Amino acid sequence: MNAVQTYRYLQPSALRAAGLDLQTSGGPSANPRFFSGFLTTPAAAAAGLLAVAEVARTRYHQPVSPASLDPVVTGSRERLRFESFSGCCGVYARMDVVPAGFDGEVVGHGTTNVDVNPPLREALARVGGIEPLHVAVGPDDLTVSTMDGALVERKVPLPRRWLRGFAEVQVLTAGFEPRAEIPAAEAVAFLRRLPGARDRSVLWAVPAGRTLRLTSRPVPGAVCLAGAGRLAALRGLLRHARSLRVYGPAVRPGSPAVPSTWELDTGALRLSLTLSPEPYRGFSGEGAALLALAGDDVIDDAELVGGLLAWDPTVDVAALADATGLPDDRVRAALAQLGTAGRVGFDVAEGAYFHRAMPYDAGRAERDNPRLVGARTLVEQGAVRRDEEHATVRSGDEDYRVRRLPDGSFTCTCRWWAKHRGRRGPCKHALAVAIRHSMAAP
């Protein structure tokens with residue numbers, strides 16, 4: 001089901017003689033201006049922004065007409081971040097411009113969408129040379145006050161699952177570790193060897209000296225590469241990159257497909273693509289955030305933690321724990337809750353969370369997660385009966401047995417668990433047990 005988000009621009013984004021003028025919509029104020037200055041590597045920045053915009057308009061699974069979602073931009077101290085999801089929600093793209101990448105001042109902070117229209121994409125594709133590229137994120141102050149008659153308004157269908165994707169990606173990538181780093185020249189050769197866009201196979205990339213080799217089965221240290229054609233958006237930045245870094249969770253022989261992050265670093269900016277475990281799977285349905293949202297105190301914790309978020313480049317979990325008096329695990333659960341409103345993300349290169357602000361309330365977690373809604377309904381109905389090692393959940397005319405494993409995950413006798421075996425997050429019965437347990441805890 002789609003929600004309609006109205007985007008209002010004072011005028012179309014354009015590449016003008018004075019530089020790149022990116023028009024913005026809502027944020028901390030109408031049409032905010034976050035940054036004015038020069039990007040020190042114009043051709044690389046143009047290629048990176050094009051990649052983020054290309055992902056936003058692409059559906060990798062069963063490609064049809066282009067999607068029409070606009071990337072979002074976050075301005076914070078010493079960072080500009082451009083983010084998007086693919087139309088199928090299976091690829092998450094982000095370009096981080098670090099301090100070496102701009103010569104100017106981040107004059108505001110917040111998050112909004114940016115208009116990357118077809119004429120602008122064509123102009124960005126022609127950017128070259130070594131002259132710095134001037135960027136104004138948002139309209140000029142005088143323009144804001146004198147361009148009321150030039151307001152451009154568009155209504156863009158914004159799938160709810162795109163917002164859920166932000167929550168899922170930050171939970172999943174928070175468990176990633178660096179797995180490999182190869183020089184740009186080796187990255188070019190590796191990407192050229194990959195199967196084409198139509199290939200849907202799940203492969204595994206294994207570090208091998210200065211490069212990566214592909215295998216059909218997981219081994220320790222391998223990184224999952226599902227639907228290799230989904231890395232195509234990296235190719236435009238390859239000639240500017242210094243290295244390709246790859247991140248993923250720990251795997252072992254027999255492991256199922258898992259997500260992964262592939263990141264090009266130019267020194268001035270980083271472009272990363274995070275791929276879902278399989279080409280047909282969107283991040284919005286992964287369920288990784290559900291257990292973090294099931295705690296009885298998580299909403300209150302999120303309100304407390306959210307009030308302390310600053311616009312530093314990264315969010316310090318330990319500092320938040322000290323400031324709030326909460327243990328680290330509850331701070332992380334609160335960040336997961338805030339992620340359902342788009343308020344935090346996770347940067348694998350920094351190994352840290354970052355703050356963003358999108359126009360959604362944290363209560364969307366309940367409305368946008370049917371399993372969580374169903375679990376809370378079961379708890380309210382008194383459907384959970386607990387014993388020392390197991391719990392029984394009455395749902396409809398059936399009783400389901402739920403068992404909590406030592407690692408904190410659950411098993412259940414329902415069809416959902418039998419089909420996915422925990423790979424898509426917990427079922428509603430396991431969530432109900434987790435909620436009931438949190439309510440009973442002292």
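**View 1. Helices α7 and α9 are roughly perpendicular to each other, since "roughly perpendicular" covers angles of 65 to 115 degrees.** Helix α7 takes in residues 298–306 and helix α9 residues 328–339, and the two pack at an angle of about 85 degrees with their axes 8 Å apart. Those axes are lines fitted to C-alpha atoms, for helices over the stretch in contact, and angles run from 0 to 180 degrees between N-to-C directions. On the α7 side, the contact uses V298, I299, D301, A302, V305 and G306, while α9 brings R330, A333, A334, L335, Q337 and L338. Contact here means heavy atoms within 4.5 Å. Sorted by class, this contact has 8 nonpolar, 2 polar and 2 charged residues. (Ala, Val, Leu, Ile, Met, Phe, Trp, Tyr, Cys and Pro count as nonpolar, Asp, Glu, Lys and Arg as charged, and the others, Gly among them, as polar.)

A quick word on what you're looking at: this is a predicted model, where local features need pLDDT of at least 70 and side-chain atom pairs count only at pLDDT 80 or more, though totals for chains, interfaces and linings use all residues. Residues are numbered from 1 along each chain as its sequence is written, and side-chain values use heavy atoms, with hydrogens and water left out.

**View 2. Here's the whole protein chain, with 13 helices and 24 strands.** Helices (H or I, at least four residues) and strands (E, at least two) are DSSP runs, numbered from the N terminus. Of the 442 residues, 56% are buried, meaning under 20% relative accessible area with a 1.4 Å probe, protein chains only (exposed is over 50%, partly exposed in between).

**View 3. Strands β14, β13 and β15 line up in that order as an open, antiparallel sheet.** Two strands pair if DSSP finds at least two bridges between them. β14 (211–215) and β15 (223–226) are the edge strands, each with a single partner, so one side of each has no neighbour in the sheet. From one strand to the next, the twist averages 35 degrees. β13 (residues 202–208) pairs with β14 over 5 bridges, and P207 has L212 as its bridge partner in β14. Helix α5 (residues 184–193) lies across β13, β14 and β15, running at about 20 degrees to β14.

**View 4. Follow the chain from β22 through β23 to β24.** Strand β22 (residues 390–395) and strand β23 (residues 398–404) run antiparallel and are joined by 6 bridges. H390 finds its bridge partner in R403 of β23. R403 also has a bridge partner in β24, namely T411. β23 and β24 (residues 410–412) pair in the antiparallel sense over 3 bridges. Look at the turns, too: the hairpin of β22 and β23 has 2 residues between the strands, and G396 takes a positive phi near 65 degrees there. In the hairpin of β23 and β24, with 5 residues between the strands, G408 takes a positive phi near 95 degrees.

**View 5. T74 sits in strand β5 (residues 72–76).** T74 is buried, with 1% relative accessibility. Leaving out residues up to four places away in sequence, T74 touches R79, L80, R81, E83, G110, T111, W311, H355 and R356.

**View 6. Cysteines, but 0 disulfides.** A disulfide is a pair of cysteine sulfur atoms within 2.5 Å. For C88, the closest cysteine sulfur is 7.6 Å away in C89, too far for a bond. C88 is buried at 12% relative accessible area, and C224 is buried at 1%.

Notes: Angles under 35 degrees count as roughly parallel, over 145 as roughly antiparallel, 65 to 115 as roughly perpendicular and the rest as oblique.
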